[in-house]
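Good morning, and thank you for coming. Please look at the structure on the screen as I go through it.

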Amino acid sequence: MAGNKSQVLSLYRQFLRNASKFEDYNFRNYFLRKSRDEFKKHKDVSDPAEIANFIKSARQDLLVLKRQAEISQMYHFDKLVVEKLDRHHRT
Amino acid sequence: MLRLSCSRLLKGSRASAFPLRVPSLVAQAQWRQYSAAPALTKDIIQERIVELFESYDKTAGKEILPSSSFTRDLGLDSLDTVEVVMEIENEFSIIIPDHEADEIKTVQQAIDFIASQDDAC
């Protein structure tokens with residue numbers, strides 16, 4: 001069980017890390033929101049088979065997310081007006 | 001001919017002290033960069049972490065002390081803790097490896113970890 005927990009947390013971290021790599025604001029926020037919602041929706045699951053299933057599908061989705069995040073970095077997206085330009089220079 | 005004049009020049013320069021003095025590097029190091037960020041002290045780290053918690057939905061309005069535990073005092077679950085630690089990473093522009101991130105369970109531990117990182121800013 002403890003092994004599962006650290007596995008899921010590590011997956012969650014990787015999801016968030018890769019989702020925040022997206023250049024495009026809309027994609028980035030969509031994937032961040034989607035990752036958070038999916039993990040939170042399944043946080044009370046206790047059936048081992050279901051947990052294993054979730055981990056398996058999350059691994060596959062992570063590969064897709066990684067690939068798409070990399071592809072998104074090959075293109076330029078203009079910043080939207082709602083985006084902060086630089087978080088360290090806010091007033 | 002060229003070789004001869006070159007060797008004479010070299011010999012000459014070695015004999016007499018080189019007239020042009022290059023300012024030493026020590027003098028240059030005394031220049032202060034006004035654009036440089038202030039040094040990251042524990043107080044500044046704490047202030048920035050507390051600010052971060054205050055802007056986070058689930059911990060807004062709660063009292064943030066260095067001794068506060070993420071799960072016990074601030075009511076975060078393990079997924080929220082991962083998120084908060086990632087926000088701290090972004091705030092200080094560092095990447096915390098998984099096994100270190102799992103160890104951070106209180107505000108004080110986060111402050112100590114950031115203080116131990118040279119490249120945090």
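How many helices and strands does the secondary structure of chain B have? Chain B has six helices and zero strands, where helices (H or I, at least four residues) and strands (E, at least two) are DSSP runs numbered from the N terminus. This is a predicted model, in which local features need pLDDT of at least 70, side-chain atom pairs count only at pLDDT 80 or more, and totals for chains, interfaces and linings use all residues. Residues are numbered from 1 along each chain as its sequence is written, chains are lettered from A and ligands numbered from 1 in the order in which they are written, and side-chain values use heavy atoms, with hydrogens and water left out.

Of the 121 residues of chain B, 31% are buried, meaning under 20% relative accessible area (1.4 Å probe, protein chains only).

I turn now to the interface. Here, 14 residues of chain A are in contact (heavy atoms within 4.5 Å) with 21 residues of chain B. Seven salt bridges are found across this interface; each is a side-chain nitrogen of Lys or Arg within 4 Å of a carboxyl oxygen of Asp or Glu. One of them joins Glu89(B) to Arg17(A), with the closest N and O atoms 2.6 Å apart.

Which helices of chain B each supply at least two residues of the side that touches chain A? They are helix 3 (42–54), helix 4 (78–91) and helix 5 (98–103). Helix 4 of chain B gives the most to that side, with 10 residues.

Key:
Buried means under 20% relative accessible area, exposed over 50%, partly exposed in between (1.4 Å probe, protein chains only).
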